[in-house]
Amino acid sequence: MKTSWNSAKRAAAKVTAAGPWRMRLARSLVEASGARFVGVYTCPPGEILDGVHSVYPEDMDDILARVSREVLPRIAWTRHGERNPDAQSGRPYFPLDYENGDGTLRSLLGPLMESAGVQEMIHASFLAEGKVVGGAALWLPKKRGANALLDPLAEVAQVAGDTLERAIALARGCAQGVSTDPILPLEVLTARELQIARLAARGLTDVNIALTLGISEQTVGAHMRRIFLKLRINSRLQLAQDARLHRPVAN
């Protein structure tokens, strides 16, 4: 077992392209922990809704896709992570132990866990410069003995966070001298953010946007806050005045 966890730490420490890094780490965590499957995700600092995940074994990818689509927007809005000190410190924890009081998290995760043939899930955040930049979720076939995985998983999470922090520092160094034109390119927005920004620029409210895209009003609100931050604006009027958002979009 010790050798397996050391293998996981080596995978977490290896700087490589994001996709292979996530998959290599997920596979090593499965081998070390005996998990049914493991999902590893990376995201822009503090923006978990924009995270991208990799799953090992890959045939379990649909479960994590559903978590990203159905669960994350709900728990992000309920500030689940902010009320959970372990999520903010990088310590591994059992998500269902931090229920939000109305049963939302359990009702969302319960059916997914049952369909995946697992009884327990452990999560650990990867932190860089004090912000969440990724994490790992270990989905376990049994609850028994799960606590024994917390300490070795914490060590792997620390190594992964340090690796991502170095990568971010390197990327920042490569960006020195880049123009800081206050009219920022729309490329700073994700595809979903750009889609929402275009609708907002046309005058649609959060409720209308939610109905149009088939997502929750809370999720729209979270995206709008990031759109304002990324474009360095503070009102919907400024969005409406940006001619770029009114240009026709090719199908």
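Residues are numbered from 1 along each chain as its sequence is written, and side-chain values use heavy atoms, with hydrogens and water left out. Because the model is predicted, local features need pLDDT of at least 70 and side-chain atom pairs count only at pLDDT 80 or more, whereas totals for chains, interfaces and linings use all residues.

**The helix pair**

Begin by selecting helix 2 (residues 18-33) and helix 6 (residues 150-174), whose axes come within 13 Å and cross at roughly 170 degrees; helices here are DSSP runs of H or I with at least four residues, strands are runs of E with at least two, and both are numbered from the N terminus. The axes are lines fitted to C-alpha atoms, for helices over the stretch in contact, and the angles run from 0 to 180 degrees between N-to-C directions. The crossing angle therefore makes helix 2 roughly antiparallel to helix 6, a label for angles over 145 degrees. Show the side chains of Trp21, Leu25 and Leu29 on helix 2, and of Leu153, Val156, Ala160, Thr163 and Leu164 on helix 6, to see the residues that make the contact, where contact means heavy atoms within 4.5 Å. By class, this contact has 7 nonpolar, 1 polar and no charged residues, with Ala, Val, Leu, Ile, Met, Phe, Trp, Tyr, Cys and Pro counted as nonpolar, Asp, Glu, Lys and Arg as charged, and the others, Gly among them, as polar.

**The cores**

Next select Leu25, Leu29, Val40, Phe126 and Leu138, which touch the most other members of the largest nonpolar core, a set of 29 residues. Such a core consists of buried Ala, Val, Leu, Ile, Met, Phe, Trp, Tyr and Cys residues joined through side-chain atoms within 4.5 Å; buried means under 20% relative accessible area, exposed over 50%, and partly exposed in between, with a 1.4 Å probe and protein chains only. The elements giving two or more residues to this core are helix 1 (2-13), helix 2, strand 1 (37-42), strand 3 (120-128), strand 4 (131-140) and helix 6, and helix 2 gives the most, with 6 residues. Centre on Leu138 and, leaving aside neighbours within four places in sequence, its contacts include Leu29, Phe37, Ile122 and Leu153. A second, separate core of 19 residues can be found through Leu72, Leu109, Leu112 and Trp139, which are among its members.

**A buried glutamate**

Move to Glu193 in helix 7 (residues 191-201), which counts as buried because its relative accessibility is 0%. Its side chain is joined to that of Arg226 by a polar contact of 3.2 Å, that is, a pair of N or O atoms within 3.5 Å of which, within protein, one must be able to donate a hydrogen and the other to accept it, residues adjacent in sequence counting only if both atoms are side-chain atoms.

**Backbone details in loops**

Select Tyr56 and Pro57, joined by a cis peptide bond with omega about -5 degrees; Pro57 lies in the loop between strand 2 (52-56) and helix 3 (61-77). Glu129, in the loop between strand 3 and strand 4, has a positive phi near 55 degrees and is partly exposed at 47% relative accessibility. Arg232, in the loop between helix 9 (217-231) and helix 10 (236-240), also has a positive phi, near 60 degrees, and is exposed at 54%.

Terms used:
Angles under 35 degrees count as roughly parallel, over 145 as roughly antiparallel, 65 to 115 as roughly perpendicular and the rest as oblique.
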